[in-house]
Amino acid sequence: MSEVVIVGGGLSGLVAARRLAEDGADVTLFERRDELGGRVRSREVDGFTLDRGFQVLFTAYPAVREELDLDALDLRGFAPGATIARPDHRSVLADPLRAPFAAIQSALNPDVTVLDKVRILQLRRQLGNADPETLLDGPAESIREYLDRKGFSERFVENFAAPFYGGITLDRSLSTDAGVFRYTFSMLSRGETAVPARGMGAIPAQLATRARKAGVTIETERAVSAVDGEEGAATVETGGETVDADAVVVATDPKRASELTGVDAIPTDARSCVTQYFSMREHRSLDTGHRLLLNAVDSCPNTVAPLSTVAPEYAPDGHALLSATTLGVPDRSDEELATAVKDALVTWYPEHRFDDLELVATDRIEFAQFDQPPGFRDDLPAVDAPEGSVYLAGDYTQWSSIQGALESGRVAAEAVRDDV
Ligand SMILES: Cc1cc2nc3c(=O)[nH]c(=O)nc-3n(C[C@H](O)[C@H](O)[C@H](O)COP(=O)(O)OP(=O)(O)OC[C@H]3O[C@@H](n4cnc5c(N)ncnc54)[C@H](O)[C@@H]3O)c2cc1C
(Lines give C-alpha, C1' and ligand atoms only; values in the text may rest on other atoms or scores of the structure.)
Protein backbone atom coordinates (compact mmCIF):
# COMPACT_ATOMS: atom_id res chain seq x y z
CA MET A 1 0.00 0.00 0.00
CA SER A 2 1.42 3.44 -0.94
CA GLU A 3 2.09 5.77 1.94
CA VAL A 4 1.17 9.42 1.42
CA VAL A 5 1.70 12.35 3.79
CA ILE A 6 -0.44 15.47 3.48
CA VAL A 7 0.97 18.67 5.02
CA GLY A 8 -1.85 21.01 6.05
CA GLY A 9 -5.45 20.45 7.13
CA GLY A 10 -7.22 23.23 5.24
CA LEU A 11 -9.90 22.46 2.65
CA SER A 12 -7.37 21.42 -0.01
CA GLY A 13 -5.45 19.04 2.26
CA LEU A 14 -8.60 17.42 3.61
CA VAL A 15 -9.94 16.75 0.10
CA ALA A 16 -6.61 15.39 -1.18
CA ALA A 17 -6.32 13.15 1.90
CA ARG A 18 -9.80 11.67 1.59
CA ARG A 19 -9.52 11.04 -2.13
CA LEU A 20 -6.16 9.30 -1.81
CA ALA A 21 -7.39 7.15 1.08
CA GLU A 22 -10.43 6.17 -0.96
CA ASP A 23 -8.03 5.17 -3.74
CA GLY A 24 -6.37 2.76 -1.31
CA ALA A 25 -3.38 4.79 -0.04
CA ASP A 26 -2.26 4.81 3.59
CA VAL A 27 -2.67 8.55 4.30
CA THR A 28 -1.44 10.63 7.25
CA LEU A 29 -2.28 14.35 7.46
CA PHE A 30 -0.20 16.71 9.62
CA GLU A 31 -1.76 20.02 10.66
CA ARG A 32 0.29 22.53 12.62
CA ARG A 33 -2.65 24.10 14.51
CA ASP A 34 -4.76 22.38 17.15
CA GLU A 35 -7.74 22.51 14.78
CA LEU A 36 -8.44 21.87 11.11
CA GLY A 37 -9.87 24.19 8.47
CA GLY A 38 -7.00 26.60 7.82
CA ARG A 39 -8.54 29.84 6.60
CA VAL A 40 -12.09 28.48 7.13
CA ARG A 41 -12.65 28.20 10.87
CA SER A 42 -15.26 29.22 13.45
CA ARG A 43 -15.20 29.68 17.20
CA GLU A 44 -17.71 30.31 19.99
CA VAL A 45 -17.45 33.51 22.04
CA ASP A 46 -20.12 34.18 24.71
CA GLY A 47 -22.64 32.09 22.78
CA PHE A 48 -21.92 33.80 19.43
CA THR A 49 -20.57 31.82 16.49
CA LEU A 50 -17.71 33.77 14.92
CA ASP A 51 -16.22 32.72 11.60
CA ARG A 52 -12.63 33.74 11.05
CA GLY A 53 -13.42 36.76 8.88
CA PHE A 54 -16.60 37.20 6.88
CA GLN A 55 -16.85 34.23 4.56
CA VAL A 56 -19.71 32.69 2.63
CA LEU A 57 -20.28 29.52 0.67
CA PHE A 58 -21.47 29.76 -2.95
CA THR A 59 -23.51 26.59 -3.34
CA ALA A 60 -23.12 26.63 -7.14
CA TYR A 61 -19.33 26.12 -7.00
CA PRO A 62 -18.85 22.82 -8.90
CA ALA A 63 -16.30 21.53 -6.37
CA VAL A 64 -18.67 22.35 -3.50
CA ARG A 65 -21.31 20.16 -5.13
CA GLU A 66 -18.74 17.42 -5.66
CA GLU A 67 -17.06 17.41 -2.25
CA LEU A 68 -19.70 18.52 0.28
CA ASP A 69 -23.04 17.22 1.53
CA LEU A 70 -24.88 20.56 1.42
CA ASP A 71 -28.02 19.23 3.18
CA ALA A 72 -25.94 18.12 6.16
CA LEU A 73 -24.44 21.62 6.42
CA ASP A 74 -27.92 22.99 7.21
CA LEU A 75 -27.35 26.17 5.21
CA ARG A 76 -28.80 29.61 5.92
CA GLY A 77 -29.05 31.81 2.83
CA PHE A 78 -28.36 35.47 2.19
CA ALA A 79 -30.84 37.26 -0.08
CA PRO A 80 -29.51 37.91 -3.60
CA GLY A 81 -28.18 41.44 -4.16
CA ALA A 82 -27.31 44.01 -1.52
CA THR A 83 -28.30 47.23 0.20
CA ILE A 84 -26.18 50.18 -0.92
CA ALA A 85 -25.60 52.57 1.99
CA ARG A 86 -24.17 56.05 2.42
CA PRO A 87 -25.00 58.88 4.87
CA ASP A 88 -28.79 59.38 5.03
CA HIS A 89 -29.35 57.03 2.12
CA ARG A 90 -30.00 53.33 1.51
CA SER A 91 -31.13 51.56 -1.67
CA VAL A 92 -31.70 47.93 -2.66
CA LEU A 93 -30.09 46.30 -5.67
CA ALA A 94 -31.41 42.77 -6.07
CA ASP A 95 -31.35 40.15 -8.80
CA PRO A 96 -34.82 40.60 -10.36
CA LEU A 97 -34.88 36.98 -11.57
CA ARG A 98 -34.02 35.51 -8.18
CA ALA A 99 -35.70 38.05 -5.88
CA PRO A 100 -38.84 39.13 -7.74
CA PHE A 101 -40.30 40.87 -4.68
CA ALA A 102 -37.35 43.23 -4.57
CA ALA A 103 -37.48 43.84 -8.33
CA ILE A 104 -39.44 47.08 -8.06
CA GLN A 105 -37.11 48.50 -5.39
CA SER A 106 -34.23 47.52 -7.67
CA ALA A 107 -35.83 49.03 -10.75
CA LEU A 108 -36.17 52.35 -8.90
CA ASN A 109 -32.63 52.22 -7.46
CA PRO A 110 -30.96 55.58 -8.18
CA ASP A 111 -27.46 54.33 -7.37
CA VAL A 112 -27.05 52.63 -10.73
CA THR A 113 -28.35 53.66 -14.16
CA VAL A 114 -31.15 51.99 -16.13
CA LEU A 115 -28.56 50.84 -18.66
CA ASP A 116 -26.57 49.20 -15.85
CA LYS A 117 -29.65 47.16 -14.91
CA VAL A 118 -30.01 46.03 -18.53
CA ARG A 119 -26.32 45.15 -18.64
CA ILE A 120 -26.59 43.10 -15.45
CA LEU A 121 -29.36 41.06 -17.05
CA GLN A 122 -27.31 40.63 -20.25
CA LEU A 123 -24.30 39.51 -18.24
CA ARG A 124 -26.47 37.17 -16.24
CA ARG A 125 -27.67 35.51 -19.45
CA GLN A 126 -24.13 35.31 -20.84
CA LEU A 127 -22.26 34.14 -17.73
CA GLY A 128 -25.10 32.36 -15.92
CA ASN A 129 -25.13 29.54 -18.48
CA ALA A 130 -21.43 29.43 -19.40
CA ASP A 131 -19.33 26.33 -18.74
CA PRO A 132 -17.60 27.10 -15.40
CA GLU A 133 -14.32 25.77 -16.83
CA THR A 134 -14.23 28.71 -19.26
CA LEU A 135 -15.14 31.50 -16.83
CA LEU A 136 -11.64 32.15 -15.52
CA ASP A 137 -10.21 32.34 -19.05
CA GLY A 138 -10.09 35.55 -21.03
CA PRO A 139 -7.86 38.50 -21.81
CA ALA A 140 -5.53 39.63 -19.03
CA GLU A 141 -7.61 42.54 -17.74
CA SER A 142 -8.77 43.76 -14.34
CA ILE A 143 -12.37 43.66 -13.11
CA ARG A 144 -12.44 47.45 -13.49
CA GLU A 145 -11.31 47.22 -17.15
CA TYR A 146 -13.82 44.45 -17.84
CA LEU A 147 -16.74 46.45 -16.39
CA ASP A 148 -15.67 49.52 -18.40
CA ARG A 149 -15.47 47.40 -21.55
CA LYS A 150 -18.96 46.05 -20.88
CA GLY A 151 -20.27 49.62 -20.65
CA PHE A 152 -21.12 49.82 -16.93
CA SER A 153 -21.37 53.36 -15.56
CA GLU A 154 -19.06 55.01 -13.04
CA ARG A 155 -22.05 55.09 -10.67
CA PHE A 156 -22.42 51.29 -10.85
CA VAL A 157 -18.69 50.77 -10.29
CA GLU A 158 -18.44 53.18 -7.34
CA ASN A 159 -21.70 52.35 -5.58
CA PHE A 160 -22.02 48.63 -6.18
CA ALA A 161 -19.09 46.86 -7.85
CA ALA A 162 -16.34 48.42 -5.71
CA PRO A 163 -17.82 47.42 -2.33
CA PHE A 164 -19.45 44.17 -3.50
CA TYR A 165 -16.67 42.67 -5.64
CA GLY A 166 -14.10 44.53 -3.56
CA GLY A 167 -15.55 42.51 -0.67
CA ILE A 168 -15.15 39.24 -2.58
CA THR A 169 -11.61 39.99 -3.81
CA LEU A 170 -10.57 42.14 -0.79
CA ASP A 171 -9.58 44.85 -3.25
CA ARG A 172 -11.90 47.78 -3.71
CA SER A 173 -9.89 49.20 -6.60
CA LEU A 174 -11.06 46.17 -8.63
CA SER A 175 -7.54 45.46 -9.86
CA THR A 176 -8.09 41.68 -9.54
CA ASP A 177 -8.22 39.52 -12.69
CA ALA A 178 -11.63 39.79 -14.40
CA GLY A 179 -11.92 35.98 -14.45
CA VAL A 180 -12.61 36.06 -10.70
CA PHE A 181 -15.49 38.47 -11.35
CA ARG A 182 -16.92 36.28 -14.15
CA TYR A 183 -16.69 33.13 -12.03
CA THR A 184 -18.26 34.59 -8.89
CA PHE A 185 -20.92 36.55 -10.83
CA SER A 186 -21.92 33.32 -12.55
CA MET A 187 -22.04 31.37 -9.28
CA LEU A 188 -24.11 34.11 -7.64
CA SER A 189 -26.70 33.88 -10.40
CA ARG A 190 -26.83 30.06 -10.33
CA GLY A 191 -26.99 29.23 -6.63
CA GLU A 192 -27.31 30.38 -3.05
CA THR A 193 -24.90 32.43 -0.97
CA ALA A 194 -25.03 30.84 2.45
CA VAL A 195 -23.42 29.98 5.76
CA PRO A 196 -23.86 26.70 7.65
CA ALA A 197 -26.07 27.04 10.75
CA ARG A 198 -23.10 25.95 12.92
CA GLY A 199 -20.66 28.33 11.21
CA MET A 200 -18.26 28.04 8.29
CA GLY A 201 -16.13 25.71 10.41
CA ALA A 202 -18.78 23.05 9.71
CA ILE A 203 -17.29 22.77 6.19
CA PRO A 204 -13.83 21.49 7.20
CA ALA A 205 -15.47 19.50 10.03
CA GLN A 206 -17.53 17.62 7.45
CA LEU A 207 -14.50 17.09 5.19
CA ALA A 208 -12.49 15.80 8.17
CA THR A 209 -15.21 13.33 9.18
CA ARG A 210 -15.32 11.98 5.64
CA ALA A 211 -11.51 11.78 5.49
CA ARG A 212 -11.31 9.86 8.77
CA LYS A 213 -14.06 7.51 7.57
CA ALA A 214 -11.98 6.83 4.46
CA GLY A 215 -9.10 5.82 6.74
CA VAL A 216 -7.00 9.01 6.93
CA THR A 217 -4.96 9.46 10.12
CA ILE A 218 -5.16 13.14 11.12
CA GLU A 219 -2.60 14.54 13.55
CA THR A 220 -3.05 18.13 14.73
CA GLU A 221 -0.40 20.27 16.46
CA ARG A 222 2.15 18.67 14.12
CA ALA A 223 4.02 21.36 12.21
CA VAL A 224 6.13 20.09 9.33
CA SER A 225 9.47 21.91 9.26
CA ALA A 226 10.98 20.42 6.08
CA VAL A 227 9.97 18.42 3.03
CA ASP A 228 12.41 16.58 0.81
CA GLY A 229 11.60 14.81 -2.44
CA GLU A 230 13.49 12.33 -4.54
CA GLU A 231 12.46 10.11 -7.45
CA GLY A 232 9.54 7.95 -6.24
CA ALA A 233 9.94 8.88 -2.56
CA ALA A 234 9.79 11.80 -0.12
CA THR A 235 10.31 12.62 3.55
CA VAL A 236 8.92 15.18 5.96
CA GLU A 237 10.42 16.44 9.21
CA THR A 238 7.98 17.00 12.05
CA GLY A 239 8.70 17.36 15.76
CA GLY A 240 12.24 16.06 15.38
CA GLU A 241 11.02 12.95 13.56
CA THR A 242 11.62 12.03 9.90
CA VAL A 243 8.63 10.42 8.21
CA ASP A 244 9.17 8.50 4.95
CA ALA A 245 6.47 8.31 2.30
CA ASP A 246 5.95 7.37 -1.33
CA ALA A 247 4.55 10.87 -1.92
CA VAL A 248 3.99 14.09 0.00
CA VAL A 249 1.28 16.64 -0.80
CA VAL A 250 2.10 20.15 0.48
CA ALA A 251 -1.31 21.71 1.14
CA THR A 252 -0.29 24.62 3.36
CA ASP A 253 -0.96 28.31 2.85
CA PRO A 254 1.10 29.69 -0.06
CA LYS A 255 3.81 31.36 2.04
CA ARG A 256 4.62 28.18 3.93
CA ALA A 257 4.36 26.08 0.74
CA SER A 258 6.91 28.34 -0.92
CA GLU A 259 9.29 27.99 2.06
CA LEU A 260 8.88 24.21 2.27
CA THR A 261 9.26 23.45 -1.44
CA GLY A 262 11.34 26.35 -2.77
CA VAL A 263 8.98 26.67 -5.76
CA ASP A 264 9.32 30.32 -6.87
CA ALA A 265 6.07 30.37 -8.84
CA ILE A 266 3.96 30.08 -5.67
CA PRO A 267 2.25 33.48 -5.25
CA THR A 268 2.85 34.94 -1.80
CA ASP A 269 1.57 38.54 -1.99
CA ALA A 270 -1.38 38.85 0.36
CA ARG A 271 -4.83 40.44 0.40
CA SER A 272 -5.82 41.27 3.97
CA CYS A 273 -8.88 42.31 5.92
CA VAL A 274 -10.18 43.00 9.41
CA THR A 275 -13.53 41.60 10.47
CA GLN A 276 -15.20 42.87 13.63
CA TYR A 277 -18.17 41.25 15.31
CA PHE A 278 -20.82 43.29 17.11
CA SER A 279 -23.76 42.28 19.27
CA MET A 280 -27.00 44.26 19.50
CA ARG A 281 -30.28 43.70 21.25
CA GLU A 282 -32.43 41.48 19.07
CA HIS A 283 -35.48 43.74 18.76
CA ARG A 284 -33.48 46.08 16.52
CA SER A 285 -34.21 45.24 12.93
CA LEU A 286 -32.19 46.89 10.20
CA ASP A 287 -34.26 47.07 7.04
CA THR A 288 -31.65 45.22 5.00
CA GLY A 289 -33.22 41.86 5.91
CA HIS A 290 -31.02 38.99 4.69
CA ARG A 291 -29.02 41.30 2.42
CA LEU A 292 -25.44 42.45 2.81
CA LEU A 293 -24.92 46.19 3.46
CA LEU A 294 -22.40 47.85 1.12
CA ASN A 295 -20.54 51.02 2.02
CA ALA A 296 -20.77 53.20 -1.10
CA VAL A 297 -18.32 55.74 0.33
CA ASP A 298 -15.21 53.97 1.64
CA SER A 299 -13.84 50.67 2.86
CA CYS A 300 -14.09 51.25 6.62
CA PRO A 301 -16.15 49.17 6.87
CA ASN A 302 -16.51 47.90 3.32
CA THR A 303 -19.46 45.65 4.15
CA VAL A 304 -21.71 44.90 7.09
CA ALA A 305 -23.36 41.47 7.27
CA PRO A 306 -26.57 40.90 9.26
CA LEU A 307 -25.31 37.48 10.34
CA SER A 308 -27.90 36.43 12.90
CA THR A 309 -30.77 37.61 10.69
CA VAL A 310 -29.46 35.18 8.07
CA ALA A 311 -28.47 32.48 10.57
CA PRO A 312 -30.24 32.97 13.93
CA GLU A 313 -28.06 30.17 15.37
CA TYR A 314 -25.06 32.56 15.23
CA ALA A 315 -26.33 34.56 18.24
CA PRO A 316 -27.71 33.58 21.66
CA ASP A 317 -31.35 34.32 22.42
CA GLY A 318 -32.13 37.99 22.80
CA HIS A 319 -29.09 39.13 20.83
CA ALA A 320 -28.27 39.94 17.22
CA LEU A 321 -24.86 39.54 15.57
CA LEU A 322 -23.43 41.81 12.87
CA SER A 323 -20.05 41.54 11.24
CA ALA A 324 -18.23 44.47 9.66
CA THR A 325 -15.28 43.95 7.34
CA THR A 326 -12.65 46.58 6.61
CA LEU A 327 -10.22 45.93 3.77
CA GLY A 328 -6.47 45.78 4.26
CA VAL A 329 -4.95 45.81 7.73
CA PRO A 330 -5.43 49.42 8.82
CA ASP A 331 -3.11 51.06 11.28
CA ARG A 332 -5.98 51.87 13.64
CA SER A 333 -6.73 50.12 16.94
CA ASP A 334 -9.66 47.73 17.33
CA GLU A 335 -11.55 50.40 19.28
CA GLU A 336 -10.94 53.06 16.60
CA LEU A 337 -12.16 50.70 13.89
CA ALA A 338 -15.23 49.79 15.97
CA THR A 339 -16.01 53.49 16.38
CA ALA A 340 -15.75 53.95 12.60
CA VAL A 341 -18.22 51.09 12.09
CA LYS A 342 -20.65 52.56 14.61
CA ASP A 343 -20.33 56.01 13.03
CA ALA A 344 -21.05 54.54 9.59
CA LEU A 345 -24.16 52.72 10.88
CA VAL A 346 -25.41 55.90 12.59
CA THR A 347 -25.13 57.86 9.33
CA TRP A 348 -26.74 55.07 7.29
CA TYR A 349 -29.59 54.66 9.79
CA PRO A 350 -30.20 58.14 11.25
CA GLU A 351 -33.57 56.88 12.55
CA HIS A 352 -31.84 54.31 14.82
CA ARG A 353 -29.63 54.64 17.87
CA PHE A 354 -26.71 52.22 18.19
CA ASP A 355 -25.94 52.74 21.88
CA ASP A 356 -26.22 49.00 22.53
CA LEU A 357 -23.76 48.03 19.77
CA GLU A 358 -20.97 46.10 21.51
CA LEU A 359 -17.73 44.86 20.03
CA VAL A 360 -17.50 41.09 20.57
CA ALA A 361 -14.23 40.34 18.76
CA THR A 362 -11.84 41.56 16.10
CA ASP A 363 -10.09 39.29 13.58
CA ARG A 364 -7.11 40.84 11.79
CA ILE A 365 -6.36 38.55 8.87
CA GLU A 366 -3.03 39.33 7.21
CA PHE A 367 -3.21 36.55 4.65
CA ALA A 368 -6.80 36.03 3.56
CA GLN A 369 -6.24 35.52 -0.17
CA PHE A 370 -3.24 35.69 -2.45
CA ASP A 371 -3.09 38.65 -4.80
CA GLN A 372 -4.63 37.83 -8.21
CA PRO A 373 -3.62 40.51 -10.74
CA PRO A 374 -4.71 40.25 -14.40
CA GLY A 375 -3.26 37.13 -16.03
CA PHE A 376 -2.18 35.63 -12.67
CA ARG A 377 -3.21 32.13 -13.69
CA ASP A 378 -0.52 31.98 -16.38
CA ASP A 379 2.15 32.04 -13.66
CA LEU A 380 0.69 29.61 -11.10
CA PRO A 381 2.81 26.57 -10.20
CA ALA A 382 2.01 23.12 -11.61
CA VAL A 383 0.82 20.50 -9.14
CA ASP A 384 4.10 18.56 -9.61
CA ALA A 385 6.40 21.61 -9.61
CA PRO A 386 8.53 20.52 -6.59
CA GLU A 387 11.45 18.07 -6.86
CA GLY A 388 10.76 14.33 -6.69
CA SER A 389 7.60 12.83 -5.28
CA VAL A 390 6.30 16.08 -3.76
CA TYR A 391 3.06 17.65 -5.00
CA LEU A 392 1.25 20.93 -4.42
CA ALA A 393 -2.36 21.45 -3.34
CA GLY A 394 -3.92 24.71 -2.17
CA ASP A 395 -5.94 27.59 -3.54
CA TYR A 396 -2.72 29.10 -4.94
CA THR A 397 -2.59 26.37 -7.61
CA GLN A 398 -6.05 27.44 -8.92
CA TRP A 399 -7.52 30.70 -7.57
CA SER A 400 -8.14 32.06 -4.11
CA SER A 401 -11.49 30.63 -3.09
CA ILE A 402 -13.24 27.67 -1.55
CA GLN A 403 -13.76 26.39 -5.10
CA GLY A 404 -10.04 26.76 -5.88
CA ALA A 405 -8.98 25.01 -2.66
CA LEU A 406 -11.39 22.05 -2.99
CA GLU A 407 -10.56 21.62 -6.67
CA SER A 408 -6.82 21.75 -5.98
CA GLY A 409 -7.18 18.87 -3.51
CA ARG A 410 -8.82 16.72 -6.19
CA VAL A 411 -6.20 17.62 -8.81
CA ALA A 412 -3.31 16.85 -6.44
CA ALA A 413 -4.84 13.50 -5.43
CA GLU A 414 -5.23 12.54 -9.09
CA ALA A 415 -1.61 13.50 -9.86
CA VAL A 416 -0.33 11.37 -6.95
CA ARG A 417 -2.55 8.45 -7.93
CA ASP A 418 -1.32 8.58 -11.54
CA ASP A 419 2.37 8.77 -10.59
CA VAL A 420 2.73 6.60 -7.48
C1 LIG B 1 -11.35 36.32 5.66
C2 LIG B 1 -11.45 35.42 4.48
C3 LIG B 1 -12.57 35.51 3.67
C4 LIG B 1 -12.70 34.66 2.58
N5 LIG B 1 -13.88 34.66 1.91
C6 LIG B 1 -14.11 33.68 1.01
C7 LIG B 1 -15.42 33.51 0.49
O8 LIG B 1 -16.37 34.19 0.90
N9 LIG B 1 -15.59 32.57 -0.48
C10 LIG B 1 -14.56 31.80 -0.93
O11 LIG B 1 -14.78 30.97 -1.82
N12 LIG B 1 -13.31 31.91 -0.40
C13 LIG B 1 -13.08 32.82 0.56
N14 LIG B 1 -11.84 32.92 1.13
C15 LIG B 1 -10.73 32.10 0.61
C16 LIG B 1 -10.76 30.65 1.09
O17 LIG B 1 -11.09 30.58 2.46
C18 LIG B 1 -9.37 30.05 0.86
O19 LIG B 1 -9.05 30.18 -0.51
C20 LIG B 1 -9.29 28.56 1.23
O21 LIG B 1 -9.84 28.30 2.48
C22 LIG B 1 -7.82 28.12 1.19
O23 LIG B 1 -7.72 26.76 1.58
P24 LIG B 1 -6.33 25.99 1.47
O25 LIG B 1 -6.56 24.60 1.88
O26 LIG B 1 -5.76 26.21 0.12
O27 LIG B 1 -5.33 26.74 2.47
P28 LIG B 1 -5.43 27.08 4.02
O29 LIG B 1 -6.82 27.26 4.43
O30 LIG B 1 -4.49 28.20 4.24
O31 LIG B 1 -4.89 25.76 4.75
C32 LIG B 1 -3.53 25.50 4.94
C33 LIG B 1 -3.36 24.68 6.21
O34 LIG B 1 -1.99 24.29 6.32
C35 LIG B 1 -1.61 24.40 7.69
N36 LIG B 1 -0.15 24.53 7.74
C37 LIG B 1 0.61 25.61 7.38
N38 LIG B 1 1.91 25.35 7.56
C39 LIG B 1 1.99 24.10 8.03
C40 LIG B 1 3.09 23.25 8.43
N41 LIG B 1 4.35 23.68 8.34
N42 LIG B 1 2.81 22.01 8.89
C43 LIG B 1 1.54 21.56 8.97
N44 LIG B 1 0.47 22.32 8.63
C45 LIG B 1 0.69 23.56 8.16
C46 LIG B 1 -2.34 25.65 8.16
O47 LIG B 1 -2.41 25.71 9.57
C48 LIG B 1 -3.70 25.44 7.49
O49 LIG B 1 -4.57 24.68 8.28
C50 LIG B 1 -11.66 33.74 2.24
C51 LIG B 1 -10.53 33.67 3.05
C52 LIG B 1 -10.45 34.47 4.18
C53 LIG B 1 -9.29 34.28 5.11
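How many residues surround the ligand, and which are the closest? Before answering, keep in mind that this is a predicted model. Select the ligand together with its surroundings, and you will have 35 residues around it, of which Gly8, Gly10, Gly38, Gly53 and Ala405 are the closest. If you colour this shell by class, it divides into 13 nonpolar, 15 polar and seven charged residues. Helix 1, strand 19 (358-370) and helix 14 each supply at least two residues of the shell, and the largest share, four residues, comes from helix 14.

Next, select helix 1 (residues 11-22) and helix 14 (residues 402-419), which pack with their axes 7 Å apart and at an angle of about 35°; their crossing is right-handed. On the side of helix 1, the residues in contact include Leu11, Leu14, Val15 and Leu20, while among those they meet in helix 14 are Ile402, Ala405, Leu406 and Val416. Taken by class, the contact between helix 1 and helix 14 has eleven nonpolar, four polar and three charged residues.

Now turn to the sheet, by selecting its five strands in the order 10-2-1-14-20, where you will find an open sheet with parallel pairing. Which strands stand at its edges? They are strand 10 (217-219) and strand 20 (390-392), and because each has a single partner strand, one side of each is left without a neighbour in the sheet. As you step across the sheet, the twist averages 20° from one strand to the next.

Within this sheet, select strand 1 (residues 3-7) and strand 14 (residues 247-250), which run parallel and are joined by four bridges; here Ile6 stands opposite Val249 in strand 14. Bring helix 1 back into view, and you will see that helix 1 packs on the sheet, touching strand 1, strand 2 (26-30) and strand 14, with a direction that makes about 165° with that of strand 2.

For the last stop, select Glu335, which lies in helix 13 (residues 334-348). Is Glu335 buried or exposed? Glu335 counts as exposed, because it has 10 C-beta neighbours inside 10 Å, and a residue is classed as exposed when 12 or fewer are found within that distance.

Conventions
Residues numbered from 1 in each chain as written. Predicted model: local features only at pLDDT ≥ 70, side-chain atom pairs only at ≥ 80, totals over all residues. Axes fitted to C-alpha atoms, helices over the stretch in contact; angles between N-to-C directions. Left-handed = near helix turned anticlockwise from the far one by under 90°. Contact = placed C-beta atoms within 7 Å. Nonpolar A, V, L, I, M, F, W, Y, C, P; charged D, E, K, R; others polar. Pairing = 2+ DSSP bridges. Buried ≥ 20, exposed ≤ 12 C-beta atoms within 10 Å, placed from the backbone. Near = placed C-beta within 6 Å.
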